[in-house]
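Visitor: I have a structure to go through with you. Could we start with the ligand and then turn to the interior?

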Amino acid sequence: MLNESDTCGCSISRRALLAGAGASLAAATFAACGEQDPMASTTTMSATTVRPHSHQPGIATPPQRHLQLAAFDLQRDDLDALHDLLSGLSMSARELETQARAARLSLTLGLGPTLFESDGRDRLGLASRRPPRLAPLPGFPGDALEPRHSGGDLCIQACAEEQQVVFDAIRVITHEAAGIATPRWTLHGFLPGTPGTPRNLMGFKDGTNNIAPDDTPALNRHVWVGADDQQSWLHGGTYMIVRRIRTLLDVWDTTSIEEQEATIGRSKDTGAPLGGHREHDRPDLDATHDGAPVIASDAHIRLAAPATNNGVRILRRSYNYTADVDPATRQPDAGLIFISFQRDPAQFTRIQQRLARHDALRKHLLHTGSAIFACPPGGDAKHPVTGGLLFDAS
Ligand code: HEM
């Protein structure tokens, strides 16, 4: 897959693509972003790239403005081909990140449950290496999932400050994977460029009460898979959950600000919890006014809070999206690409089970896509991201 020449005619190597006749858009973009010759050898890592060594980037690193998320399916059950693909992608990810370091490109690889077992079949001989917690999510009340927006054997999350960079990164990787894996779905996500906590399409600050990138104790406790968490190859990795959540903006836009704020449990203007003054004030879930809770019993932040979920926390790294007009409703398909990282998918499931049943926000949402991936720990120049899984297995 990483051969410099395209021998089978069905795959284009990254280098061939970058060097291709007509100077591809990808080459131009990466040259501009990296301010260096895209053909130059990139065996050393720049200090400004966002890839740390022990964990993959794009997880606990601060969110960039753009996301291109792409899921792929294997075209055939061939462990050797998968091995080549994953080792190659791991290496290419580092090179692309270095070339587009000015745009803070990060590439995060995830492995879906169907890679290990599909329809009860040990398709690649990897079933015994499947982390037991890597299983399709249960259904939740109100789910309207569509297969074309869900699942995937593999996923690549590309994040950068520029849309063209994330698009091109996925394009390069798609070319590299050709003949081995084929795209299943892809989605562009974005965040506003204004300083401070980004606002979602519903107009609220989203991400206020989240695990901070430098909160190592919380990351170790809630996000990174530990040495004792089964399957040692995933130690230092995490589970990624993706939900494509359409927000029914027509109704939301005609809802009063007071009702919107009661639905979330926070001020739309400042992001402060109701009853508080500043964005980062601690929500007082016990406060009452005239005998009624200040933060309603069905408010989103009450039902999602660690305090009401036995201390369970997740790391959210979501992006806004807008896609097409839904042909059935003629409403825009726009909303949130909800992404969370957690040490155990049960953390997400616990919260979502409550939200799907009781959250005041639920009538404004439609979950149309769902996927889960195991993100291995970070690699380095000598060790591909998936080395622990594939080299130890062979
Ligand atoms: C389109 C769907 C959603 C929207 C618009 C949304 C919006 C928000 C907003 C505005 C906040 C308050 C600010 C903040 O602390 O970030 C928040 C908090 C939160 N949300 Fe969501 N959310 C959505 C879906 C979800 C889902 C699916 C989950 C998990 C299953 C979730 C989990 C959380 C958590 C854990 C918090 C922090 C609660 C706290 O401790 O204060 N959200 N969300």
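Visitor: Which helices and strands supply at least two residues each of the shell around the ligand?
Guide: This is a predicted model. In it, strands β5 (238-247) and β10 (332-342) and helices α8 (300-304) and α9 (345-358) each supply at least two residues of that shell.

Visitor: And which of them gives the most to the shell?
Guide: Helix α9 gives the most, with four residues.

Visitor: Which residues come nearest to the ligand?
Guide: There are 27 residues around the ligand, and G207, T208, N209, H300 and R316 come nearest.

Visitor: What lies 2.5 Å from a polar backbone atom of G207?
Guide: An oxygen atom of the ligand lies at that distance from G207. The backbone of N209 also takes part: one of its N or O atoms is 2.8 Å from a ligand oxygen atom.

Visitor: How many residues of the shell are nonpolar, polar and charged?
Guide: The shell has 16 nonpolar residues, seven polar ones and four charged ones.

Visitor: Let us change topic to the nonpolar core. Which residues touch the most other members in the largest one?
Guide: The largest nonpolar core has 70 residues, and L105 and L107 touch the most other members. There is also a second, separate core of 26 residues, with A60, L191, M240 and A371 among them.

Visitor: Now the aromatic rings. How many pairs are there?
Guide: The count is four aromatic pairs. In one of them, F204 and W252, the ring centres are 6.0 Å apart and the planes meet at 65°, so the pair is edge-to-face.

Visitor: Where in the chain are F204 and W252?
Guide: F204 is in the loop between β4 (181-190) and α5 (216-222), whereas W252 is in helix α6 (residues 249-253). The two are 48 residues apart, and the pair links distant parts of the chain.

Visitor: Are F204 and W252 buried or exposed?
Guide: Both F204 and W252 are buried.

Visitor: Why is the pair of F338 and F348 called tilted?
Guide: The ring centres of F338 and F348 are 5.8 Å apart and their planes are at 45°, so the pair counts as tilted. F338 belongs to strand β10 and F348 to helix α9, ten residues apart. Both F338 and F348 are buried.

Visitor: Which residues do ring pairs link into a cluster?
Guide: The cluster consists of F140, F338 and F348, linked by ring pairs.

Notes: Residues numbered from 1 in each chain as written. Predicted model: local features only at pLDDT ≥ 70, side-chain atom pairs only at ≥ 80, totals over all residues. Heavy atoms only, no water. Near = heavy atom within 4 Å. Polar contact = N/O pair within 3.5 Å; in protein donor to acceptor, adjacent residues only side chain to side chain. Nonpolar A, V, L, I, M, F, W, Y, C, P; charged D, E, K, R; others polar. Core = buried A, V, L, I, M, F, W, Y, C linked by side-chain atoms within 4.5 Å. Buried < 20%, exposed > 50% of the residue type's maximum accessible area, 1.4 Å probe, protein only. Phe/Tyr/Trp six-rings, centres within 6.5 Å; stacked < 30°, edge-to-face > 60°.
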